[in-house]
Amino acid sequence: MPVIAPMPAARPAQLPSQREGAEETVAAGTTVDHLTETYRAHYRSLLGLAALLLDDTASCEDVVQEAFIRVHSARNRVRDPEKTLAYLRQTVVNLSRSALRRRILGLKLLSKPMPDMASAEEGAYDQLERDALIKAMKGLQRRQREVLVLRYFSDMTEAQVAQTLGISLGSVKAYGSRGIAALRVVMEAQA
């Protein structure tokens with residue numbers, strides 16, 4: 001656990017030592033450069049720590065980013081810059097715990113399903129349709145599949161798809177229409 005100074009210090013302060021009346025210098029805190037280097041060197045390890053505590057990548061990234069923001073705002077209170085990483089780790093653990101508490105509370109407060117919600121049979125039928133579509137997508141040519149995924153699942157425009165794949169706008173249109181036609185044939189054959 002890092003040592004936190006009671007008040008931010010603008011300059012290194014002199015504190016009397018409790019032993020033999022000697023004086024020791026307290027550092028001005030963690031610098032922005034030191035925090036930036038810590039970010040570069042330890043971001044992935046902190047993300048891994050959060051991943052051990054949480055189950056989804058987005059929450060892990062949010063927790064680690066929030067930890068760096070909090071340490072940045074409190075950087076002048078950290079007396080020993082060498083303990084910045086320990087402070088970050090503890091912050092990641094605490095934020096992960098908080099995220100889990102909010103999740104658990106949210107699950108407890110979830111209302112019971114309304115009578116007009118889809119039944120389990122409808123959900124199973126939807127899952128079968130998704131599985132059939134995925135199987136049909138796997139049977140397409142690579143470029144057709146890429147265009148359809150980017151265009152309809154990633155919700156990109158044709159121009160964005162062309163730029164992403166490095167092909168012309170006309171090629172995007174051609175691959176897209178051929179892919180949809182091939183999907184239609186496969187899906188109608190399964191029905």
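Me: Which helix does Phe153 lie in?
Reply: Phe153 lies in helix 5, residues 142-153. Helices here are DSSP runs of H or I, at least four residues, numbered from the N terminus. This is a predicted model: local features need pLDDT of at least 70, side-chain atom pairs count only at pLDDT 80 or more, and totals for chains, interfaces and linings use all residues. Residues are numbered from 1 along each chain as its sequence is written, and side-chain values use heavy atoms, leaving out hydrogens and water.

Me: Is Phe153 buried or exposed?
Reply: Phe153 is exposed, at 56% relative accessible area. Buried means under 20%, exposed over 50%, partly exposed in between, with a 1.4 Å probe and protein chains only.

Me: New topic. How many aromatic pairs are there?
Reply: The structure holds two. In one, the rings of Tyr39 and Tyr43 have centres 5.1 Å apart and planes at 45°, so this pair is tilted. Rings of Phe, Tyr and Trp (its six-membered ring) pair if their centres lie within 6.5 Å; planes under 30 degrees apart are stacked, over 60 edge-to-face, the rest tilted.

Me: Where do Tyr39 and Tyr43 lie?
Reply: Both are in helix 1 (residues 32-53), four residues apart, about one turn of the helix. Tyr39 is partly exposed at 32%. Tyr43 is buried at 17%.

Me: What does Tyr39 form with Phe68?
Reply: An edge-to-face aromatic pair, 4.9 Å centre to centre with 75° between the planes. This pair links distant parts of the chain: Phe68 is in helix 2 (residues 57-73), 29 residues from Tyr39.

Me: And is Phe68 buried or exposed?
Reply: Phe68 is buried, at 7%. Tyr39, Tyr43 and Phe68 form one aromatic cluster.

Definitions and conventions. Helices (H or I, at least four residues) and strands (E, at least two) are DSSP runs, numbered from the N terminus.
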